[in-house]
Amino acid sequence: MNRYEEIENFVRIVEAGSITAAAKQLRIAKSAVSRRLKELEARLETQLIVRSTRKLVLTSHGHAFYERSKSLLSDWEEMEALMGEEQINLKGTLRISAPEVFGVLHLGNVILDFMDKQPGILLDIEYTERKVDLISEGIDLAIRIGALADSTLIARKLADISTVVLASPALLKEKGQPKTPEDLYDFQQCAYGNNNSLSWQYRAPDGEQGQIELEPSLIATNGTFLCEAAIANKGLIKLPRFIAYKYIHSGELFEILPDYQWSELAIYAVYSPTRHLSPRIRMFVDHLVECFNGTPYWETEH
């Protein structure tokens, strides 16, 4: 066992919060992670972590060693990155988290193209609507949509996303074409379950702001299903255009009050700050920026 592996093992245990989680991130057996920690403590002749059945607690020596270990690992990564600047083909694993619907609809070709350019990088992708903790879960980079909470993470904007209110042509024929947001009260909504509120905020063409809240006919956390529900005349939907654009283009759904601005969103690539950004992360983020440069196709295909 070399000292670099011992230090990396220790830092991963601390940041993952458990030996089991660290083993999963390192892709080695739990017993191997535990053995490495014991060997490190034996070599240092001090206890770094107090183990219990519920959690791991750093000792005072453990805290000091953890802070220094992070710096050493950062220095090592920086040295490797600098030495590899002239290497076109990178190697290693890049762990990515992306929203499920957006990822399935719009990241496939982007990822496959990156694989063609960098075959030495193994992409480990989790599609989930859950907001992951990059540090504790060992994620290198996450794709996030919407307003970003204040954090120490670095965010790079990839594209703006407009939001649309939609209905089926049959439902509009039955109830009439809305002219103002108040007319929407004649309808129910198929609500997006990941939102904390059923209210819809808007900005009118004259700049006036307001909000409405329609009675839900159903609540679901999958935008594609909500589009299908709207097509089946179950109510109005308010969704990002990147989900609904094909249904608009096909005529299955009709955009209501297109002159009104609904929740404006953006998509970001976020990652943890380091003194020297990993070349794998930097190259993938640059690839994302290049692919989504300009007005995204889902904003124009309608």
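When I say buried, I mean under 20% relative accessible area. One caution before I use the word: what you see is a predicted model.

Start with helix H5, residues 100–117. Its buried residues are Val-101, Phe-102, Gly-103, His-106, Leu-107, Val-110, Ile-111 and Phe-114. One of these, Leu-107, is also where H5 bends, by about 65°. What about the length of H5? At 1.5 Å a residue, its 18 residues should span 26 Å, and the end C-alpha atoms are 24 Å apart, which agrees.

Together with E3 and E4, H5 makes a right-handed β-α-β unit. Strand E3 covers residues 92–98 and strand E4 residues 121–127; the two pair in the parallel sense over 7 bridges. If you want to find the pairing on the screen, take Leu-94, whose bridge partner in E4 is Leu-123. Another pair to look for is Ala-98 with Tyr-127 in E4.

Those two strands belong to an open sheet of 5 strands, in the order E4-E3-E5-E14-E6, with mixed pairing. E4 and strand E6, residues 154–161, stand at the edges with a single partner strand each, so one side of each has no neighbour in the sheet. From one strand to the next the twist averages 20°.

There is also an open sheet of 3 strands, ordered E12-E7-E13, and here the pairing is antiparallel. Its edge strands are E12, at 237–240, and E13, at 254–256, each pairing on one side only. In this sheet the twist averages 50° from one strand to the next. Strand E7, residues 163–167, pairs with E12 over 4 bridges, in the antiparallel sense. Within that pairing, Thr-163 has Pro-240 of E12 as its bridge partner.

Last, the cysteines. How many disulfides are there? The count comes to 0. A disulfide needs two cysteine sulfur atoms within 2.5 Å. For Cys-190, the closest cysteine sulfur is in Cys-227, and at 9.7 Å that is too far for a bond.

How values were computed: Residues are numbered from 1 along each chain as its sequence is written. This is a predicted model: local features need pLDDT of at least 70, side-chain atom pairs count only at pLDDT 80 or more; totals for chains, interfaces and linings use all residues. Side-chain values use heavy atoms; hydrogens and water are left out. Two strands pair if DSSP finds at least two bridges between them. Axes are lines fitted to C-alpha atoms, for helices over the stretch in contact, and angles run from 0 to 180 degrees between N-to-C directions. A crossover is right-handed if, with the strands pointing away from the viewer, the path from the first strand over the helix to the second runs clockwise. The expected span of a helix is 1.5 Å times one less than its number of residues. The bend at a residue is the angle between axes fitted to the seven residues ending there and the seven starting there. Buried means under 20% relative accessible area, exposed over 50%, partly exposed in between (1.4 Å probe, protein chains only).
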